[in-house]
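Dear colleague,

Please find below the structure that I am handing over to you. My notes on it follow.

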Amino acid sequence: MLEALMISLQLALVTTAILLLLALPLAYLLTFKSFKGRTVLEVIIALPLVLPPTVLGYYVLMMIAPDSTTGRIWQSVFDSSLAFSFSGMVFASVLYSLPFAVQPMQQALRAIPHSWLEMAQTQGLNLKQTLLDVMLPAAKDGVLVAAALSFAHTMGEFGVVLMVGGSIPGETKVASIALFEMVEMQQQSEAWMLALILLAVSFVMLSVVYTINRQSLNMGVGK
Amino acid sequence: MNRIQITIRRDTFDLQMDTSFADEFIIISGENGAGKTTVLRCLAGLEQPQGQIVVMGKVWLDSSAEFVLSPGRRRAGCVWTDAALLPWLNVEKNILLGVKKIDEHWLTRLAEQLEITVLMQRKPQMLSTGEAQRVALARAICRKPAALLLDEPFSAQAPAIRVRLRETLKSIQAELKIPVVMVSHDSEDANVLGQQHWRMREGKLLTEILYTGIRQEMQA
């Protein structure tokens, strides 16, 4: 049980870290730039919200299978298979939780008062300064919410990680899959404990999200 | 000489402006919706009109050559009706936003003149509207800008401090020798500060009054 929990935790941490780096430029692009294919990009990012996880898992598996281009490149560089590996699960998790990271950041960036951005322009701040000194501090709460949601969502994954990871004990068997197997094997007390831990993690993470949201609202940050 | 020759089409009106001005104090007045703020925004580079803007010998806009200088490169100090202070920075750091080389002496003097010395370490949330407005003025002036564009910068000030602020702005303008374009509804601003007075209506310059000659005459 502990092993599966540790894998879930690692997966959630790595996925969240990658998502924070990836989602901010994406959110910036979608909020402030108009370009061809913006709607398509937005739809692709939002797809995991409505797509059955097994469908996403299936396509990711096809994409990273050993005989696919990505799979072959990965094999030649790292000398290991991307499918049914921890790295493969990270790749799938990043895609699966992308909307949970991008959308809060997009909302936070959208809420930055226009006057602050114009002030940054007229005061001669360059793009890097505007991002670091104005946008990021203003969107700080959105970034925290994005991190909490990405983490919680990844901890709760089932279908995608099962398809892509294959539930290999000690490698890709995460807590949610371990719970399913415990119930199947009627290990009631262990299942009860693991379910409680997963429930607690989700509860704490969502509490964090709601607290941040309430604080932002009260302080009028970004208003 | 500076020159502004611009046209911009809006839903409610077309703005047209064609005039020259020296490095002096210009007051813009007019009814709501006359286009006063739009003129300032065009000068600041936040709107893209057609035409030409030249300030202090530097071309800011020349739409015939498809040339637009970015707002940052214009180095115009701006104060809008929204002070736009960043709440996570204290007053001093807000003032120093975009300042590349800090001139401590200049900053101290500016803070004294704008009566914000005691506020320097406070967060914007702790300021009154009038104080925030003076901080925004300090931020606009601190960079020693190439021009000052002020949209009703005294609107939240008490009458007594307004009198002192006029003198301060007048001396700063004389010291920096830059054009200051200021939107104001207060006739006293025009009387005390205005070396040129642009009265606008429905996007057009209605009258242009030059005060310099009259004052000189009166002094003589």
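How many residues does the contact take from chain B and from chain A? The contact takes 14 residues from chain B and 11 residues from chain A, where two residues are in contact if their C-beta atoms, placed from the backbone, lie within 7 Å. On the side of chain B that touches chain A, helix H2 (71–74) and strand E7 (76–79) of chain B are the elements that give two or more residues. Helices (H or I, at least four residues) and strands (E, at least two) are DSSP runs, numbered from the N terminus. This side of chain B divides into 10 nonpolar, 2 polar and 2 charged residues; Ala, Val, Leu, Ile, Met, Phe, Trp, Tyr, Cys and Pro count as nonpolar, Asp, Glu, Lys and Arg as charged, and the others, Gly among them, as polar.

Please note that this is a predicted model, in which local features need pLDDT of at least 70, side-chain atom pairs count only at pLDDT 80 or more, and totals for chains, interfaces and linings use all residues. Residues are numbered from 1 along each chain as its sequence is written, while chains are lettered from A and ligands numbered from 1 in the order in which they are written.

Chain A has 11 helices and 0 strands. Its C-alpha trace spans about 65 × 40 × 30 Å along the principal axes. Of its 223 residues, 39% count as buried, that is, with 20 or more other C-beta atoms (placed from the backbone) within 10 Å of their own. Among the contacts in chain A with a separation of 6 or more, 75% are between residues 24 or more positions apart.

The contact of H3(A) with H5(A) is made by Pro53(A), Leu56(A), Gly57(A), Val60(A) and Ile64(A) of H3(A) and by Gly88(A), Phe91(A), Ala92(A), Leu95(A) and Tyr96(A) of H5(A). These residues divide into 8 nonpolar, 2 polar and no charged.

The largest nonpolar core has 119 residues, of which Met105(A), Leu43(B), Val135(B), Ala138(B) and Leu149(B) touch the most other members. A nonpolar core is a set of buried Ala, Val, Leu, Ile, Met, Phe, Trp, Tyr and Cys residues joined through C-beta atoms within 7 Å. H5(A) gives the most to this core, with 14 residues. Not counting residues up to four places away in sequence, Ala138(B) touches Ile95(B), Leu110(B), Ala111(B), Leu114(B) and Ile116(B).

Yours sincerely

Notes: A residue is buried if 20 or more other C-beta atoms lie within 10 Å of its own, exposed if 12 or fewer, and partly exposed in between; C-beta atoms are placed from the backbone.
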